[in-house]
Amino acid sequence: MNLARFPRIRLGHGPTPIEPMERLSARLGGPRLWIKRDDCTGLSTGGNKTRKLEYLMAEAVAQGADIVITQGATQSNHARQTAAACAKLGLACRILLEDRTGYRDAAYTQSGNVLLDKLHGASIERRPGGSDMQAEIDAVADRMRAEGRRPYVIPGGGSNPVGALGYVAAALELVSQAAEIGLRIDHLVHATGSAGTQAGLVTGLVALNSGIPVLGIGVRAPREKQEANVLALAQRTADHLGLPAGTVRAEHVVANCDHVGQGYGIPTQGMVEAIRLVAETEGILLDPVYSGKGMAGLVDLIRKGRFRKEDNVVFLHTGGAVGLFGYPEAFDLPAEVA
């Protein structure tokens, strides 16, 4: 598995730290909780999409693109990091934002990630919820080609075999870090949505014969659909890497989708509790769409006795805390002291 064969442009800070969460572990009564800080990748407040963009943007540059087109929900972390990557490399950026929540307040539609998209110089188009967003960005790309532009299209979340290479590389990084500090990882948990992060991790960890199981906490789709999406992408990623057929199998892909709530990007009580719990015990900010629901799932499983007290559980923080500014009303914060 030679990742050096694939073009890559370094955009992020790495390796990202692995830190113990001792106060959170004590509050929950075990297991031993750790956090992999992919919120610290550095590109425009960081996040997991930076790893994917290192390979995607390298392909865009190699193809001579002059504009990158991508899509996501209104408060898309992927859109924000793509806009930042384009700014860093001198490429134009067009972002199509889908309204998946129906929220109309200015905090949600203009603050948080949207503000940063614009600050990085991206141009934005809006689409209603339920749109075929891949078809929409393909149509924009066709229009731009007719105008003489050279667009490079990135799917939502950067989730294709090229983007998933970023999390194959992250799997290598994680295993190396754990060996260096003598950490036996019993479980790796993270939020899973567009499938690229989980697909890359599963592919990399299986190819390394690491024995580390990956649990994705779903934020959008039902379990059967989420697992099918991850498995399909992981197998395409393995093929892209030239790994033997059958390297990644269905038993390697596990998702828990009990914490989606009413839908993608819609707050849940568990998400709010998880964000406040981690902020108050560890001084770490999660985000309301992905890592907040991911942590809510992990906390719920701990309370249900899913893990042994002696287990080492690593939570992969996928970033996106800037999205908190899009959801001010979700948090019942205390009044100021007079």
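Biologist: How many residues in the lining of the second largest cavity are nonpolar, polar and charged?

Modeller: This is a predicted model, in which local features need pLDDT of at least 70, side-chain atom pairs count only at pLDDT 80 or more, and totals for chains, interfaces and linings use all residues. Residues are numbered from 1 along each chain as its sequence is written, and side-chain values use heavy atoms, without hydrogens and water. A cavity is a set of points, on a 1 Å grid over the protein atoms alone, where a 1.4 Å probe fits but cannot get out, and its lining residues have an atom within 4 Å of a point. With Ala, Val, Leu, Ile, Met, Phe, Trp, Tyr, Cys and Pro as nonpolar, Asp, Glu, Lys and Arg as charged and the others, Gly among them, as polar, the lining divides into seven nonpolar, no polar and two charged residues.

Biologist: Which helix gives the most to the lining of the second largest cavity?

Modeller: Lys-36, Asp-38, Tyr-167, Ala-170, Ala-171, Leu-174, Leu-188, Leu-201 and Leu-316 line this cavity. Helices (H or I, at least four residues) and strands (E, at least two) are DSSP runs numbered from the N terminus. Four of the lining residues come from the helix that spans 161–181, namely H7.

Biologist: What is the volume of the largest cavity?

Modeller: Two cavities of 30 Å³ or more are counted. Residues from H2, S7 and H8 contribute two or more each to the lining of the largest one, which includes Asn-48, Ala-191 and Gly-196. A volume is the space filled by probe spheres set on grid points joined across faces, edges and corners, and for the largest cavity this comes to about 70 Å³.

Biologist: Which helix supplies the largest share of the lining of the largest pocket?

Modeller: A pocket is an open set of points with protein on both sides within 12 Å along at least five of seven lines. The largest pocket has a volume of about 680 Å³ and 30 lining residues, with Gln-71, Gly-156, Gly-193, Ser-194 and Arg-220 nearest its centre. S3, H3, H6 and H9 each give two or more residues to that lining. The largest share, six residues, belongs to H9.

Biologist: Is Tyr-55 buried or exposed?

Modeller: Tyr-55 is part of helix H2, residues 49–62. Its contacts (heavy atoms within 4.5 Å) beyond four places in sequence include Leu-3, Phe-6, Val-162 and Ala-169. The relative accessible area of Tyr-55 is 2%; since under 20% is buried, over 50% exposed and in between partly exposed (1.4 Å probe, protein chains only), Tyr-55 is buried.

Biologist: Which side chain forms a polar contact of 2.6 Å with that of Glu-125?

Modeller: Glu-125 lies in strand S5, residues 123–127, and is buried because its relative accessibility is 16%. A polar contact is a pair of N or O atoms within 3.5 Å; within protein, one must be able to donate a hydrogen and the other to accept it, and residues adjacent in sequence count only if both atoms are side-chain atoms. The partner of Glu-125 at 2.6 Å is Arg-94.

Biologist: How many disulfides are counted?

Modeller: A disulfide is a pair of cysteine sulfur atoms within 2.5 Å. The sulfur closest to that of Cys-86 belongs to Cys-93 at 4.0 Å, which is too far for a bond. Cys-86 itself is buried at 0% relative accessibility, whereas Cys-40 is partly exposed at 29%. The number of disulfides is zero.
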